[in-house]
Number of protein chains: 2
Amino acid sequence: MKHTHAEENYLKAIYMLSEKQESLVSTTAMADFLHTSAASITDMIQKLHNKGLVIYRKYQGVTLTDRGKESAIKILRKYLLWEVFLVDKLKFGWSEIHEIAEQLEHIDCDTLIDRLDHFLGNPYCSPHGIVIPNADGKIIDKPRWLLTDLSEGASGIVSAIKDDSVAFLQYLGKRNIYLGAKITVIEKIQFDGSTDITIDNQYKINISRKITDNILITL
Amino acid sequence: MKHTHAEENYLKAIYMLSEKQESLVSTTAMADFLHTSAASITDMIQKLHNKGLVIYRKYQGVTLTDRGKESAIKILRKYLLWEVFLVDKLKFGWSEIHEIAEQLEHIDCDTLIDRLDHFLGNPYCSPHGIVIPNADGKIIDKPRWLLTDLSEGASGIVSAIKDDSVAFLQYLGKRNIYLGAKITVIEKIQFDGSTDITIDNQYKINISRKITDNILITL
DNA sequence: AAATTTATTTAGACAAATCTAAATAAATTT
DNA sequence: AAATTTATTTAGATTTGTCTAAATAAATTT
């Protein structure tokens, strides 16, 4: 099923808002999220209802049908993969990528996004730590830990970073720490809380507690 | 100056059509190019005229103003760089990239395209051999030769390929020949017209006349 | 429970981009 | 040069997505 840009924005918005809360998504919540008027929301929601993409009850709110959810997840997948591309390959900072990825998510080509996924090394989650649905639309929730909480000898993959500041990003870049890098904990130094690690079994460095507190690891 | 998607498509179309011929671009030529009706073309052209992007004379045809040309070249630059991305990084074949790049060319972000350019290694031209305008909109025309016409000892950069067939692309991939690769002619064999070359001063191989006839080289 | 405030929907309008059918201009043929 | 064909434009309609202002429903306050 194909959708217009606007439809895609609405579907993704409903999906994201309904992830945060149990109840139906309200008109105002959507108006707020999409920076548009409540009247426009009602209009569009009714169209989506007629197309069988959402279930809508007047004055109550809206929720996705299975078909709607499937589409929403596809769009989210595209959005998140483009975010990874922008940060990982084009070295954009966290703050700049949202707008661009919101444009890129509408590019319509089935093979494109799977190739992009492969090109990026099948990342587990976006720079902001949101899990990327796989090609089948499944969201597999791996457990994640702070690098701080890994024990000596353990290793895992850098899957997200909690701090978005340019300074932190530059630090990570300089130390060859990137999304998808394999980190092994060599030794945890009690004295100052710092940690000796290796990156990709290559570089051995020591990083402070402040750094390990901001790196999320999956296995 | 910002444009709608449709406006961008028209500007690029006018630019490309007027590159091929001297005279004004006709309504039918554009209708043909954009797969739309002549009536729609007239409508849009009049709007572009009112915005000062084209000069239009009823029944005569249309040409770009300086402002229109500037915009058109920016769009073309984006289109071509995305084409390089798709072929070089995502390993798409020639035939598949046009549609996708036509979508990607409308992504609006100044820094994005310059970073992409850098990421791709500032390619000189698209896979189809069309010169990519630089960030200032300048089109610098370097001389190009067929690999066949290089003399022994000469070297240059693979800048385009004339044959788009999958078979040829696969051949090149297998031989480590890619856009931007450095090729040095070691020896030209009179007997069968084949050529001994090195790629990136590394691999030494022999390629037939049919191959050298389809590779364009810049210095 | 009535009054008021807030949320939501409806009605009507608008801009963008397209279309078809009819009208008109330009080019070509006879 | 008149007739015909082709190219182009105009007129009017349609779809999509948005808006504002007015109407109505739901929630909250008094």
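By class, six nonpolar and four polar residues, with no charged ones, make up the lining of the largest cavity; Ala, Val, Leu, Ile, Met, Phe, Trp, Tyr, Cys and Pro count as nonpolar, Asp, Glu, Lys and Arg as charged, and the others, Gly among them, as polar. A cavity here is a set of points on a 1 Å grid over the protein atoms alone where a 1.4 Å probe fits but cannot get out, and lining residues have an atom within 4 Å of a point. The model is predicted: local features need pLDDT of at least 70 and side-chain atom pairs 80 or more, while totals for chains, interfaces and linings use all residues. Residues are numbered from 1 along each chain, chains are lettered from A in the order written, and side-chain values use heavy atoms, without hydrogens and water.

The count comes to two cavities of 30 Å³ or more, a volume being the space filled by probe spheres set on grid points joined across faces, edges and corners.

| Cavity | Volume | Lining by class |
|---|---|---|
| Largest | about 50 Å³ | six nonpolar, four polar, no charged |

Around the largest cavity sit A:Val25, A:Ser26, A:Thr27, A:Met30, A:Ile41, A:Thr42, A:Ile45, A:Tyr56, A:Gly61 and A:Val62. In chain A, helix 2 (27-34), helix 3 (38-50) and strand 2 (61-64) give two or more residues to this lining; helices (H or I, at least four residues) and strands (E, at least two) are DSSP runs numbered from the N terminus. Helix 3 of chain A has the largest share, three residues.

The lining of the second largest cavity includes B:Met30, B:Ile41 and B:Tyr56. At least two of its residues come from each of helix 2 (27-34), helix 3 (38-50) and strand 2 (61-64) of chain B.

Key. 1 Å grid on protein atoms, 1.4 Å probe; cavity = no way out; pocket = protein on both sides within 12 Å on 5 of 7 lines; lining within 4 Å.
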